Amino acid sequence: MNSLKITKEICKGCSLCIVACPKGVIGISKKSNNAGFHYAETVKQEACNACTLCAVMCPDSCIIIEKN
């Protein structure tokens with residue numbers, strides 16, 4: 001299974017990754033990080049096809065994709 005990791009302390013919750021993901025893998029957390037932002041989190045890891053669109057769209061480079 002492919003792995004999508006989001007560094008929650010860097011994420012500002014802009015939602016660009018959510019819009020970019022064709023599989024609905026990412027959502028916004030109800031929790032907030034130390035900066036007070038509701039960060040993006042993986043909600044359907046098993047649906048990730050490692051297309052990397054979310055990582056490309058992320059302005060803060062907080063998404064890492066590992067293809068398996």
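Contact here means heavy atoms within 4.5 Å, and by that rule Glu66 touches Asn2, Ser3 and Lys5, not counting residues up to four places away in sequence. Keep in mind that this is a predicted model. The protein has two helices and four strands, and along the sequence they run β-α-β-β-α-β. Here's a quick tour, from the overall build down to single residues.

**Overall build**

- A compact globule of 68 residues would have a radius of gyration near 11 Å, and the protein agrees, because its own value is 11 Å.
- The C-alpha trace spans about 30 × 20 × 20 Å along the principal axes.
- Of the contacts with a separation of 6 or more, 54% are between residues 24 or more positions apart.

**Surface and charge**

- Buried residues account for 31% of the 68 in the protein.
- On the charge side, you're looking at 8 positive and 5 negative side chains. The centres of those two sets sit 4 Å apart.

**The nonpolar core**

- Nonpolar side chains tend to be buried together in soluble globular proteins.
- In this model, the largest nonpolar core has 16 residues. Leu4, Ile6, Ile26, Cys54 and Ile63 are the ones with the most contacts inside it.
- Strand 1, strand 3 (38–42) and strand 4 (63–66) each put at least two residues into this core.
- Take Ile63: leaving aside neighbours within four places in sequence, its contacts are Leu4, Lys5, Ile6, Cys17, Cys54, Ala55 and Cys58.

**Where the two ends of the chain meet up**

- Ser3 belongs to strand 1, which covers residues 3–6.
- Ser3 counts as buried because its relative accessibility is 16%, and the cut-off for buried is under 20%.
- Beyond its neighbours within four places in sequence, Ser3 is in contact with Gln45, Ile64, Ile65, Glu66 and Asn68.
- Glu66, one of those partners, is found in strand 4.
- With a relative accessible area of 36%, Glu66 is partly exposed.
- Glu66 and Met1 are 65 residues apart along the chain, yet their C-alpha atoms are separated by 9.1 Å.

**Gly27 in strand 2**

- Strand 2 takes in residues 26–32, and Gly27 is part of it.
- The relative accessible area of Gly27 is 13%, so this glycine is buried.
- Once neighbours within four places in sequence are set aside, Gly27 is in contact with Ile18, Tyr39, Ala40, Glu41 and Val43.
- From Gly27 to Ala50 you go 23 residues in sequence and 16 Å in space, C-alpha to C-alpha.

- Look for Lys44 in the loop between strand 3 and helix 2 (53–57).
- Lys44 is partly exposed, its relative accessible area being 37%.
- Not counting residues up to four places away in sequence, Lys44 touches Lys23, Gly24 and Val25.
- Lys44 and Ile26 are 18 residues apart in sequence, with 6.9 Å between their C-alpha atoms.

**Two loop residues with a positive phi**

- Ser15 isn't a glycine, but it has a positive phi of about 75°.
- You'll find Ser15 in the loop between strand 1 and helix 1 (16–20).
- Ser15 has 24% relative accessibility, so it counts as partly exposed.
- Thr52 isn't a glycine either, and its phi is positive at about 70°.
- The loop between strand 3 and helix 2 holds Thr52.
- Thr52 also counts as partly exposed, at 29% relative accessibility.

How values were computed
Residues are numbered from 1 along each chain as its sequence is written. This is a predicted model: local features need pLDDT of at least 70, side-chain atom pairs count only at pLDDT 80 or more; totals for chains, interfaces and linings use all residues. Side-chain values use heavy atoms; hydrogens and water are left out. The radius of gyration is taken over C-alpha atoms; the globule rule is 2.2 Å times the number of residues to the power 0.38. Buried means under 20% relative accessible area, exposed over 50%, partly exposed in between (1.4 Å probe, protein chains only). Lys and Arg count as positive and Asp and Glu as negative; His and the chain ends are not counted. The place of a charge is taken as NZ of Lys, CZ of Arg, CG of Asp or CD of Glu. A nonpolar core is a set of buried Ala, Val, Leu, Ile, Met, Phe, Trp, Tyr and Cys residues joined through side-chain atoms within 4.5 Å.
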